[in-house]
Structure formats: C-alpha cells, structure tokens
Amino acid sequence: MSYEQVLDALGDGTRRRILHRLRSTELSVGQIAETLPVSRPAVSKHLRVLERSRLVTHVHVGTRNLYRIDTRGLDMLRQYVEEFWTDVLDAFAGYAGSPGPAGQFHPPSHTESASNTGPDRTNHDDDYHP
Amino acid sequence: MTTTPSATTSGAIPSIVKEVVVPCAPERAFDLFTARIHSWWPMATHSVGGASSAGLTLDNEAIVEQLDDGTECTWGTVTVWQPPTRVAFTWHPGSDPDDNTEVSVDFAPIPEGTHVRLRHSGWERLRGRTGMLENYRSGWDVVLGGFVGAAA
C-alpha cells in the first residue's frame, strides 16, 4: 500500500463519485448503484479497488455489506503532502547552509534547540555568490 | 510572523505547516528561496516534468516550471510579494488553476539567522467549490472532504 495506489484509485471518476456518496453516510452496493449510471457488478469492482487502497471499508449488517469511508487512505495522502513540503524545505535549508530542518510546529523561539545550527555554519552564508 | 494559527474550528481542514532555520539573514533567505529557486528545488522528484524538467522560476508574478519541450507550466500565481518577510502564491501544479490551494512562506529574523515557516492551506475552499459545482477534476476534493467528514 502506497500513496501512489491511493492516487491511482482516485484517478477514476466513478470511484471518486462513489467516495463522494459515502462522505456522510454508509451505503450498500445497491444503494450506491441506484445513484450512479453504473451496474451493481461494476460498483462492486470499484469498491474492491477503493477498499484495497484503504479509501473505503465495509461492515456486515444482516445479509448485506455497508460501505463507508476509511480514513487510512486519506491519511496516507495527507502524509504525502506533508512529506512533499518537508523534502522541499530540507532542500532549501541544505542549499542555504543549514544542517537540517527545525522541529515542526515550534514557535521561532524554540527552533534554536531543535536545530543543530552552529555559529560556524554562518560562514556558508558568505560562500554564496550569484 | 504574519500568519495565523491553523484553524481548528469545526469543518475547517488544518493547514500543513513546515518550518526550518537557515543561517543567513532574511534578505538572503528570501532571495535564495525566490530568485534562486531553480538552484535548490528537488526538480527530479517534485515537479511536473521530473528529471527532464528544464527550470523553475519564482518572481513577483508567478511560480513557473519550464519543461524540456519549451513550454511552461504555471504552478501558481503570486498573491503576496513582500521581500524579505513574506511570499505567497496559489498552488495548482499540473492541475486546473481553479482547483488551487494556497502556499505562504514567512521569513523571520532570529539570532541564528532566519526562521522560515511554510504554510499550505485553503483545502476547505476546494471542498466548497466541489459542493457547488460537482466538479471532479481532482481527487483532492473527495480526499479532503473525507477528512472533514472523518474529523466531524
């Protein structure tokens, strides 16, 4: 399981519509199929893809399955965006001469202890010339 | 710092906030982040064109990637340009400009140099637009809408 798998699952319009239907309620395959121009077998197939990507999950209620949003796939995408910006800022800090990122969510007054920046590092500032 | 804390009220989607300290003055940090962005941005892994991408610029108008076929791909439009304290731009790399979120970067002087704070926000705006237009160009609308549903 990876964020790529989640993105691939979301790359299909019908699957996005299915997720949209499930945003506020639990639904059976039949209930989902009623609101989409797609057959029940096709909905079931899409649900399997979404379930493999941890975007939906289901519970057994009597003789049928009720599907609902699984936040694990969403958490993975959120994590992907978080890591995207971590990578970008790390690259920036490396270029600017910093040894590493500051601790996240610390106010500026606390970043001193979260960073290993030493006085000698300021020399790198002078190394930079266009 | 001119940014406000992430909204935590019901229905709001928290911003992504990243911070870093660089050992130079804000003037230099701002210049490196903007005028020198092509020198440090991890293009191979964090761009539309990937390893074959030809360049990236960020000025007082926009952040634009240059592709190897000579075309340009606008990642966002600059909305705040206040050197050396703040730059902000809309964010929609590889997708429709109407599906944008927002990125702001603040540069604050500290004894060790400059505290850089990046905030990626505006997710709830995507959700609102989705609700109105039923537009499914991006998976983010569903994804972030789901976040709100899960957090409620």
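Predicted model: local features only at pLDDT ≥ 70, side-chain atom pairs only at ≥ 80, totals over all residues.
**Close-up 1. Helix α5 of chain A passes helix α1 of chain B in a right-handed crossing.** From α5(A), the residues to look for are Leu89(A), Phe92(A), Tyr95(A) and Ala96(A), and they meet Ala29(B), Leu32(B) and Phe33(B) of α1(B). Sort the residues of this contact by type and you get 7 nonpolar, no polar and no charged.

**Close-up 2. Helix α5 of chain A also meets helix α1 of its own chain.** This time the partner is α1(A), residues 3–10, while α5(A) spans residues 71–96. Their axes come within 9 Å and cross at roughly 115°, which means that α1(A) is roughly perpendicular to α5(A). The crossing of this pair is left-handed. On the α1(A) side you'll find Tyr3(A), Val6(A), Leu7(A) and Leu10(A); facing them from α5(A) are Gly73(A), Met76(A), Leu77(A) and Tyr80(A). The tally for this contact is 7 nonpolar, 1 polar and no charged.

**Close-up 3. Arg54 of chain A has a positive phi.** Most residues other than glycine have a negative phi. Arg54(A) is not a glycine, yet its phi is about 65°. Is Arg54(A) buried, partly exposed or exposed? Arg54(A) has a relative accessible area of 31%, so it's partly exposed.

**Close-up 4. A cis peptide bond joins Pro83 and Pro84 of chain B.** Most peptide bonds are trans. The bond from Pro83(B) to Pro84(B) is cis, though, with omega near 5°. Pro84(B) sits in the loop between β4 (72–82) and β5 (86–91) of chain B.

**Close-up 5. Ile16 of chain B is a buried strand residue.** Look for Ile16(B) in strand β1, which runs over residues 16–22 of chain B. The relative accessibility of Ile16(B) is 1%, and therefore this residue counts as buried. How far apart are Ile16(B) and Val103(B) in sequence and in space? Along the sequence they're 87 residues apart, but in space 9.4 Å separates them, C-alpha to C-alpha.

Methods:
Residues numbered from 1 in each chain as written. Chains lettered and ligands numbered in written order. Heavy atoms only, no water. Axes fitted to C-alpha atoms, helices over the stretch in contact; angles between N-to-C directions. Helix = DSSP H or I, 4+ residues; strand = E, 2+ residues; numbered from the N terminus. Parallel < 35°, antiparallel > 145°, perpendicular 65-115°, else oblique. Left-handed = near helix turned anticlockwise from the far one by under 90°. Contact = heavy atoms within 4.5 Å. Nonpolar A, V, L, I, M, F, W, Y, C, P; charged D, E, K, R; others polar. Buried < 20%, exposed > 50% of the residue type's maximum accessible area, 1.4 Å probe, protein only.
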